[in-house]
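Please look over the model before reading on.

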Amino acid sequence: MNIVLWIAQILLALVFFVSGIAKSTFSKQKFINTKQTGVVDLPMPLVRFIGISEILGSVGLVLPWLLGILPVLTPLSAICFSIMMILAAKKHAGLHEPANVRNNFILLIVCLFVAVGRLFA
C-alpha cells in the first residue's frame, strides 16, 4: 500500500507542479490558445496565486512525508488539492466541459486516496 501511495503522491505532485508553473507564467492569451478555459475569466493575480499554491502544494505532497518533518502536511496538501478539484469541477461544469470535469473528479479521487492513506497510515 505504501508503494501505491507514493506513486499517487508523485503523480499528483507532477500534475500540480506543471499546472502551477503554467498558471504562474502563462499569459491570458496563452491560456486561450492552449484551451485552458477554466482560468480565462479569472483575474490574473488570482490565477498566479493558484499557480503558486499548486507549486507549493506539490512540494507538500512529497517532501514532508519523505523527510519525516511535519508529515501531517502531506495529507493536508492532498485535502487542499481535493477542495481545489471540487471548485475546478464546478467551474468546468459551468463552462459545459465534461472532459475537464471528469479529469477533476479523477484527481479528486486520487487526492482523497492520498489524504486518507497518509492520515491513517
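At what angle do helix α3 and helix α4 pack, and how far apart are their axes? In this predicted model, the angle is about 145° and the axes lie 7 Å apart. The crossing of α3 past α4 is left-handed.

| Helix | Residues | Contact residues |
|---|---|---|
| α3 | 44–67 | Ile 50, Ser 53, Glu 54, Gly 57, Ser 58, Gly 60, Leu 61, Pro 64, Trp 65 |
| α4 | 73–94 | Leu 73, Thr 74, Ser 77, Ala 78, Phe 81, Met 84 |

By type, the residues in the contact of α3 with α4 comprise eight nonpolar, six polar and one charged.

The chain as a whole can be described next. The protein chain has five helices and zero strands, giving the pattern α-α-α-α-α along the sequence. Its radius of gyration is 15 Å, close to the 14 Å from the globule rule for 121 residues, so the chain is as compact as a globular protein of that length. Along the principal axes, the C-alpha atoms of the protein chain fill a box of roughly 40 × 25 × 20 Å.

Burial and surface complete the description. Of the 121 residues, 36% count as buried, where buried means under 20% relative accessible area. The protein chain has an accessible surface of about 7,100 Å², and 79% of this belongs to carbon and sulfur atoms. Among contacts between residues at least 6 apart in sequence, 63% join residues at least 24 apart.

Definitions and conventions: Residues are numbered from 1 along each chain as its sequence is written. This is a predicted model: local features need pLDDT of at least 70, side-chain atom pairs count only at pLDDT 80 or more; totals for chains, interfaces and linings use all residues. Side-chain values use heavy atoms; hydrogens and water are left out. Helices (H or I, at least four residues) and strands (E, at least two) are DSSP runs, numbered from the N terminus. The radius of gyration is taken over C-alpha atoms; the globule rule is 2.2 Å times the number of residues to the power 0.38. Buried means under 20% relative accessible area, exposed over 50%, partly exposed in between (1.4 Å probe, protein chains only). Contact means heavy atoms within 4.5 Å. Accessible areas come from the Shrake-Rupley method with a 1.4 Å probe; for residues, only the protein chains shown count as cover. Axes are lines fitted to C-alpha atoms, for helices over the stretch in contact, and angles run from 0 to 180 degrees between N-to-C directions. A crossing is left-handed if the near helix is turned anticlockwise from the far one by less than a right angle, and right-handed if clockwise. Ala, Val, Leu, Ile, Met, Phe, Trp, Tyr, Cys and Pro count as nonpolar, Asp, Glu, Lys and Arg as charged, and the others, Gly among them, as polar.
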